[in-house]
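Here are my notes from going through the model you sent over. Have the viewer open while you read.

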Amino acid sequence: MGAGRPLVLLHGLFSSAEMNWIKWGHAATIAEAGFEVIMPDLRVHGASGKPHDPAAYPGDVLAKDLAALVAALGLVDYDLGGFSLGSRTSVRAVIGGLTPKRLVLGGMGLEGLAGWTGRQAFFIDAIDRFDSVRQGDPAYYTVQFMKSMKIDRVAARLLLGTMTDTDPAALAAITMPTLVVCGDEDRDNGSPDKLAAALPNAVHAVIPGTHMGCVTKPELGRTIRDWLAG
């Protein structure tokens, strides 16, 4: 969407580019400031493939997919950002060698990277108990979101198995200017303050909302736009 400086934006777990970035107007807000917003659907999500072959899920496959996309598009001078799983994927890709000029990490805290296996176990459990989860269960809203997004549970479970914790020491590789943006009620992925402090060149911006709720509010797109355009 738009024309100008390339910005690759990655959506969150069980979501899609449409749900995270287009539906609520964030992509349009950013594009109007002079950016070409590139929004892939991650493997297993949205319109992308959902293979059931375990061979399609090597370690860190989403970061590898992102690197392949950047190479295929011939991007050299570009920015990168994500929300939740998209932030995690962006971090893993930069540690793996991608070199965006600037980085946006939405809905992410330090524990969501360093302690990812706890989140991973929660989501795998939600998939395994999918048909028996009832209101009041901690996994209830996750299951409802999976249902609304028509998630392929076999593929999603395989994808979750490709993810590992990130050593906080590895964050030293993320030297580019970074925006950590998180809802004031969002601690689903831990502390955004600790994440910003662990990065060499980061600022932390607070917007209204919970982890799921802040995506629906215009402040998310505006904050990303203002930081990138500043």
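Predicted model: local features only at pLDDT ≥ 70, side-chain atom pairs only at ≥ 80, totals over all residues.

**Notes on the strands, the cores and the rings**

1. With five of its five residues buried, β3 (residues 79-83) is largely enclosed by the rest of the structure.

2. Next, the partners of β3. β1 and β3 run parallel and are joined by four bridges, with leucine 9 opposite glycine 81. Strand β4 (residues 102-106) also runs parallel to β3, through five bridges, and here leucine 80 stands opposite leucine 103. To get from β3 to β4, the chain goes through helix α4 (residues 85-95), a β-α-β crossover that is right-handed.

3. Have a look at histidine 11, in the loop between β1 (5-10) and α1 (17-22). Is histidine 11 buried or exposed? Its relative accessible area is 0%, so it counts as buried. The side chain reaches the backbone nitrogen of leucine 42 at 2.9 Å. Beyond its neighbours within four places in sequence, histidine 11 has contacts that include Trp21, Asp41, His45 and Phe83.

4. On to the nonpolar packing. The largest nonpolar core has 52 residues, and Phe14, Leu66, Met146 and Leu195 are among those with the most contacts inside it. Elements that each supply at least two residues of this core include β1, α4, β4 and α6 (116-128). Apart from it lies another core of 21 residues, Ala17, Phe35, Val104 and Ile224 among them. As for methionine 146, once neighbours within four places in sequence are left aside, it is in contact with Phe14, Ala126, Ile127, Phe130 and Ile151.

5. Now the rings: the structure holds four aromatic pairs. Why is the pair of phenylalanine 14 and phenylalanine 123 edge-to-face? Because their planes are at 90 degrees, with the ring centres 5.7 Å apart; the cut-off for that label is over 60 degrees. This pair links distant parts of the chain, 109 residues apart: phenylalanine 14 is in the loop between β1 and α1, phenylalanine 123 in helix α6.

6. Phenylalanine 123 also pairs edge-to-face with phenylalanine 122, at 5.4 Å centre to centre and 75 degrees between the planes. Phenylalanine 122 is partly exposed, with a relative accessible area of 26%, whereas phenylalanine 123 is buried at 7%. Phe14, Trp116, Phe122 and Phe123 form one aromatic cluster.

Notes: Residues numbered from 1 in each chain as written. Heavy atoms only, no water. Buried < 20%, exposed > 50% of the residue type's maximum accessible area, 1.4 Å probe, protein only. Polar contact = N/O pair within 3.5 Å; in protein donor to acceptor, adjacent residues only side chain to side chain. Contact = heavy atoms within 4.5 Å. Pairing = 2+ DSSP bridges. Right-handed = clockwise from strand over helix to strand, strands pointing away. Core = buried A, V, L, I, M, F, W, Y, C linked by side-chain atoms within 4.5 Å. Phe/Tyr/Trp six-rings, centres within 6.5 Å; stacked < 30°, edge-to-face > 60°.
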